[in-house]
Amino acid sequence: MNKPKMVIFDYGQTLVNEKVFDTLKGTKAVLSVAANNPNNVSAEEVQALANQLSQEIGRYGVEFQKQTFLEVHNHFFQNYLYEYFGIQFTKSAAEIERIFQNAACIAESTKNIESFLQFLEDVNIRTSVISNISFSGDLLKERINYFIPSHKFEFIIASSEYVFRKPHKRIFELALRKAKLDASDVWYCGDNAVFDVDGAANCGLLPVWYKGAIEKSNKYIPKNKCLIIDDWNELIDKLKML
């Protein structure tokens, strides 16, 4: 095992612990700023359709084996969802998704992540992010900067902006091209056994399975060998030994 030239991170439950994600609360916040809701459609009705659409496109609410490798950008998803009900807004798509996310999500940076990122900076190991996320890349960057203001990542890849989702090889290959590095020089840290650990391993990156903020509902284990940590300080210790 060699010292990496870059460590790439997942976002949710890796850099940031999204402790609560209440989609209905987010939808209620969005409807509260609607310029026109001619049929007085409720948040419950809107969210029911959103859940159905997500299942139909294989995004959320289905088993890993049935999930798509392609990402649908949230702005397009919003367009269909609200125009279906004739709901109109004077705010931009970016403003609408921000209102939804801020209302729906209670989050905090994961324990000791800032210490680990500072360590990487001190020893000249580059950092970046790959996230499976339907929200826009701008919103993802905004949230990372909010929760981890002390660190600047070299680049942040949101699947919404690049078609492919983890564990598809294309999104990992894009990161390697942007970094101008071979897979053997890169470690990938994430909480998801399938998307993060196996996805990275299958592309030749060294996977680190971070379990410090893992969702209790996550019942999968990786098929590939990986480093396993519960706290970022453990990874500092491992890197110091290299």
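In which sense do strand 6 (residues 186–190) and strand 7 (residues 206–210) pair, and over how many bridges? I looked this up first. They pair in the parallel sense, over 4 bridges. Two strands count as paired if DSSP finds at least two bridges between them. Strands (E, at least two residues) and helices (H or I, at least four) are DSSP runs, numbered from the N terminus.

Notes on the source: I am working from a predicted model, where local features need pLDDT of at least 70 and side-chain atom pairs count only at pLDDT 80 or more, while totals for chains, interfaces and linings use all residues. Residues are numbered from 1 along each chain as its sequence is written, and side-chain values use heavy atoms, with hydrogens and water left out.

Entry, strand 7. I looked for the bridge partner of Tyr188 in strand 7 and found Pro207. I noted helix 9 (residues 193–202) packing on the sheet, where it touches strand 6 and strand 7; contact means heavy atoms within 4.5 Å. The direction of helix 9 makes about 160° with that of strand 7. Angles run from 0 to 180 degrees between N-to-C directions, with axes fitted to C-alpha atoms, for helices over the stretch in contact. Helix 10 (residues 232–240) also packs on the sheet and touches strand 1 (6–9), strand 6, strand 7 and strand 8. I read about 140° between the directions of helix 10 and strand 8.

I recorded an open sheet of 6 strands in the order 5-4-1-6-7-8, with parallel pairing. Strand 5 (156–158) and strand 8 (227–229) stand at the edges with a single partner strand each, so one side of each has no neighbour in the sheet. Neighbouring strands are turned by 20° against each other on average, direction ignored.

Entry, Gly58. I located Gly58 in the loop between helix 2 and helix 3. Is Gly58 buried or exposed? Gly58 is buried, with a relative accessible area of 6%. Leaving aside neighbours within four places in sequence, I found Gly58 in contact with Lys66, Gln67 and Thr68. I also checked Asn39: Gly58 and Asn39 are 19 residues apart in sequence and 29 Å apart in space, C-alpha to C-alpha.

Technical notes. Buried < 20%, exposed > 50% of the residue type's maximum accessible area, 1.4 Å probe, protein only.
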